[in-house]
Amino acid sequence: MISYEEALKLVNDHVSTLGKTRLPLHDMFGCYLAEDVVATMSSPQFDNSAVDGYGVKTADLNGASEASPKRLKLISAIAAGAPQDLQIKDGEAVKIFTGARIPSSCQAVVMREYCREQDSSVFIECSAKPGENIRRTGDEYKKGETVLTAGIKTTPPVIALLASLGHTDYPVFKKPKVALVVTGDELVEPGTPLKDGQIYDSNAYGLTAALNALGIANCKSFVARDTREATREAFEKALYESDMVISSGGVSVGDHDYVKETLEAMGFKTVFWRIAIKPGKPVYFGVLDTEDNGRKYAFGLPGNPVSVLVTFHQIVKPALRKLAGGQFYRDEALRLSTGSALKKRPGRLDFVRGTLRRSENGSTSAIPTRGQESHMLSGLAKAQVMLHFGANLEVLNTDDPVDVTFINWND
Ligand code: AMP
Ligand code: MG
């Protein structure tokens, strides 16, 4: 059995990023940028006001206070979007709104809260420093500067930034197409009555939601009964139009477990099978190089509903990220204290599902949720974090330091 670290390294070594495409801004959420973003203009593009207020010459307000406000002649008002560049002279002010272009003769903007308008004058109750409340051209970045680098996820601010530079579309990497194979004679679709011994298929739902959360939509799932033929048929259909197939169940050493042999019979090269982790020991990963459609990937995840989502989170997500053009990274772990004592046998890294609690002394600890067995979805459903209970450890005492990572389904 290989370690979790080794499994991740093998995944990284075998996954290559899909090709580029160009998508309209409205359709690119959840992709990764395929090209750097170079500023086509400076930000801000022109000097503008950060507040609603009055543009002034600072010398006119020397000594101004609430008790003795200075009176300035109000010459005009400039709204955001107004093109004119009117100028003020000594003793004059101009009313100005947030985002409006600042006349070059204004040295500062005084917030409206310190001003009182009367007839065609404004009384200002404070002094102003040069540049106050003015957003200067290029303060954020200058035309020609690289603002974002390729490989960053197209989150809402990234898409907004592209729009702010005037782009309608942009090069991104193609999103992976993923299909699911769910194996098990015992499985029944929710909504139909259960017969003795049957259970509802929850893995197809959990995995579909997990993929949707990453921005990967339209994932078909195929149910396979526990025979060689049905398993093969389901994998062939699933593979047909996808870059990656993810299966659940049938990957262990049971008499009805056909996933690994089926994938190998279809030509997949096994990269690994079985990892020293808990839950999720029997995870399978294989690759198939096709003549016309590039490399295909198969992850055979275990059947237990917690194992399937934990291994998706810990192993499949990094693979999808790299396939989609993002960075292959291991989540940065926080070093927190263990909230309650844990015991296990040495040998496998245990992903303990937990929540965070802030104690009175200000330190944060990670508390395992109730229901840690691999069939207990409720324990995972309530969890925010994963405690990494090291492979070689047997005991984690309360307050012992432990590596903790967030369970963020969206990233
Ligand atoms: P397996 O690895 O196929 O032996 O499955 C391990 C356990 O997970 C068994 O208890 C299965 O009944 C359960 N299981 C497998 N697939 C699913 C599924 N799609 N939904 C819910 N439970 C499942
Ligand atoms: Mg099974």
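**View 1. Residues around ligand 1.** Of the 15 residues around ligand 1, Glu186, Asp201, Ser202, Gly250 and Gly303 come nearest; a residue counts as near if one of its heavy atoms lies within 4 Å. The model is predicted: local features need pLDDT of at least 70, side-chain atom pairs count only at pLDDT 80 or more, and totals for chains, interfaces and linings use all residues. Residues are numbered from 1 along each chain as its sequence is written, chains are lettered from A and ligands numbered from 1 in the order written, and side-chain values use heavy atoms, without hydrogens and water.

**View 2. Polar contacts of ligand 1.** A polar contact is a pair of N or O atoms within 3.5 Å. A polar side-chain atom of Glu186 sits 2.5 Å from an oxygen atom of ligand 1. An N or O atom in the side chain of Asp201 is 2.8 Å from a nitrogen atom of ligand 1. Ser202 places a polar backbone atom 3.0 Å from a nitrogen atom of ligand 1. On its own, ligand 1 has 490 Å² of accessible area, of which the protein covers 75% (Shrake-Rupley method, 1.4 Å probe). Strands S13 and S15 (199-200) each supply at least two residues of the shell around ligand 1.

**View 3. The buried side of helix H3.** H3 spans residues 203-213, and its buried residues are Asn203, Ala204, Leu207, Ala210 and Leu211. They cover an arc of only 135° around the axis, which puts them on the same side of H3; the arc is that of the directions from the helix axis to the C-beta atoms. Buried means under 20% relative accessible area, exposed over 50%, partly exposed in between (1.4 Å probe, protein chains only). Helices (H or I, at least four residues) and strands (E, at least two) are DSSP runs, numbered from the N terminus. The buried residues of H3 pack against S13 (178-183), S16 (221-224), S17 (244-248), S21 (295-301) and helix H6 (305-323), with contact meaning heavy atoms within 4.5 Å. Just after H3, Gly215 has a positive phi of about 90°.

**View 4. Strand S20 and its partners.** In S20 (residues 284-289), 5 of the 6 residues are buried, so the strand is largely enclosed by the rest of the structure. S18 (residues 269-273) runs antiparallel to S20, joined by 4 bridges; strands pair if DSSP finds at least two bridges between them. S20 and S21 pair antiparallel over 6 bridges. Phe285 is the bridge partner of Phe272, and Phe299 in S21 is the bridge partner of Phe285.

**View 5. The S20-S21 turn.** S20 and S21 form a hairpin with 5 residues between them, and Gly294 in the turn has a positive phi of about 70°. Asn293 lies in the loop between S20 and S21. Asn293 is exposed, at 52% relative accessible area.

Conventions:
Polar contact = N/O pair within 3.5 Å; in protein donor to acceptor, adjacent residues only side chain to side chain.
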